[in-house]
Amino acid sequence: MIQSILEKAYFTNSLTKNEIIELLLNKNDKSLYTYADKICKKYKGNFIHLRGLIEFTNVCKNDCLYCGIRCSNKKVQRYRLTNSQIIDCIKTGLKNGYKTVVLQGGEDSFFDCEKIIKIIKQIKQYDIALTLSIGERTYDEYKLFKEAGADRYLIRIETTDKNLYYKMHPNMSYDNRKNCIYNLKSLGYETGTGCIVGLAGQTIESLAQDILFFKEVNADMIGIGPFIPHPETPLANESNDNFDLALRVMAVTRLLLPDINIPATTAMETLRPDGRIIALKSGANVIMDNITLAEFKNKYEIYPDKKSSNRTKETLQKIGLFPSSTKGFRSDNH
Ligand code: 5AD
């Protein structure tokens with residue numbers, strides 16, 4: 001049964017919701033990972049895209065129940081990087097061979113449209129692809145950021161279960177978030193979305209729905225991470241036993257969207273010391289290394305004990321993988 005679903009996924013890249021559920025439920029079956037790895041290598045080769053992540057502000061107006069930098073957490077020491085500090089990070093990134101930089105931050109209104117455009121233009125003076133991850137903005141702002149030179153945008157839907165979405169995200173709108181993703185896509189961004197796996201009340205059916213949503217949007221990048229409880233949030237006492245399920249969601253996503261970019265997420269490394277390596281053998285082909293200046297790194301604590309370990313080229317080569325020499329767009333497979 002599982003075998004025939006996997007064969008179907010491998011050859012057609014499409015599955016019904018029930019078939020996806022079947023794959024997610026089958027905890028003891030490891031062949032899902034083998035198929036995901038096989039299809040990943042077929043479409044992406046033995047190449048890994050390394051991205052340099054800059055967490056440039058941990059100020060956030062939102063109050064997401066799971067997130068350590070939610071506005072209600074008064075214990076966070078808030079910071080903002082200056083433009084010249086951001087450029088210092090970029091220079092370090094270039095020196096270390098990164099060809100993409102991801103500028104990520106909380107939803108911080110200090111960084112208005114004008115300020116973001118200025119930063120984009122400064123960054124794009126260097127020969128580097130730029131991914132923004134700064135949350136929900138208007139269509140017009142996304143358009144201006146694109147015109148200023150931004151190449152890609154990450155904004156996870158987090159969950160497609162509307163009820164769960166509203167429980168997790170006070171004062172936010174599910175429809176607006178979904179619109180943001182479609183707007184980005186229509187503006188020509190390489191668009192990334194994704195979900196958290198293991199939120200209290202999240203069903204396997206809704207995770208299957210999340211995967212179908214990724215396919216429907218034709219997302220160019222998908223980030224999937226296990227939920228990790230943060231002590232200073234209302235979800236502090238929830239379970240953190242979500243690694244395997246997150247890995248399964250990721251592997252099924254790879255089978256349905258064989259040519260996209262999928263990171264071995266930091267949250268996976270946080271739950272297992274070899275979490276990223278396991279992910280890279282189960283369908284992932286991207287690593288996002290934190291290149292934020294050392295003094296700020298530990299202040300961007302969306303979940304506890306967040307790893308920022310930088311994988312060396314040697315570690316990758318040990319498992320037969322090589323850093324790509326391209327900027328790592330969806331169509332880059334070498
Ligand atoms: N556990 C796992 N992932 C989290 N994120 C935020 N808080 C947590 C947590 N406690 C994820 C969200 C967000 C991304 C930047 O980090 O999915 O989109």
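Predicted model: local features only at pLDDT ≥ 70, side-chain atom pairs only at ≥ 80, totals over all residues.
**Stop 1: the whole chain**

Start with everything shown as cartoon. If you like to draw a box along the principal axes, the C-alpha atoms fill one of roughly 55 × 40 × 40 Å.

Now switch to a surface. The chain exposes about 13,800 Å², and carbon and sulfur atoms supply 49% of that area. As for what sits inside, 58% of the 334 residues are buried. Contacts are worth a look too: of those with a separation of 6 or more, 75% are between residues 24 or more positions apart.

**Stop 2: the ligand and its shell**

Which residues surround the ligand? You'll want Tyr66, Cys67, Arg156, Glu158, Ile196, Pro226, Phe227, Ile228, Ile302 and Tyr303. Colour them by class and the shell splits into 8 nonpolar residues and 2 charged ones, with no polar residues.

- Arginine 156: a polar side-chain atom lies 2.7 Å from an oxygen atom of the ligand.
- Isoleucine 228: here a polar backbone atom is 2.7 Å from a ligand nitrogen.
- Tyrosine 66: a backbone N or O atom lies 3.0 Å from a nitrogen atom of the ligand.

How much of the ligand does the protein bury? Taken alone, the ligand exposes 410 Å², and the protein buries 87% of that.

**Stop 3: glutamate 158**

Stay with the shell and centre on Glu158, one of the residues around the ligand. Glutamate 158 belongs to the loop between β4 (152-154) and α7 (162-168). Check its backbone: phi is near 75°, a positive value in a residue other than glycine. Is glutamate 158 buried or exposed? Its relative accessibility is 11%, so glutamate 158 counts as buried.

**Stop 4: asparagine 13**

Colour by accessibility and asparagine 13 comes out buried, with a relative accessible area of 14%.

Definitions and conventions
Residues numbered from 1 in each chain as written. Heavy atoms only, no water. Near = heavy atom within 4 Å. Polar contact = N/O pair within 3.5 Å; in protein donor to acceptor, adjacent residues only side chain to side chain. Areas by Shrake-Rupley, 256 points an atom, 1.4 Å probe, with all protein chains shown as cover. Nonpolar A, V, L, I, M, F, W, Y, C, P; charged D, E, K, R; others polar. Buried < 20%, exposed > 50% of the residue type's maximum accessible area, 1.4 Å probe, protein only. Contact = heavy atoms within 4.5 Å. Helix = DSSP H or I, 4+ residues; strand = E, 2+ residues; numbered from the N terminus.
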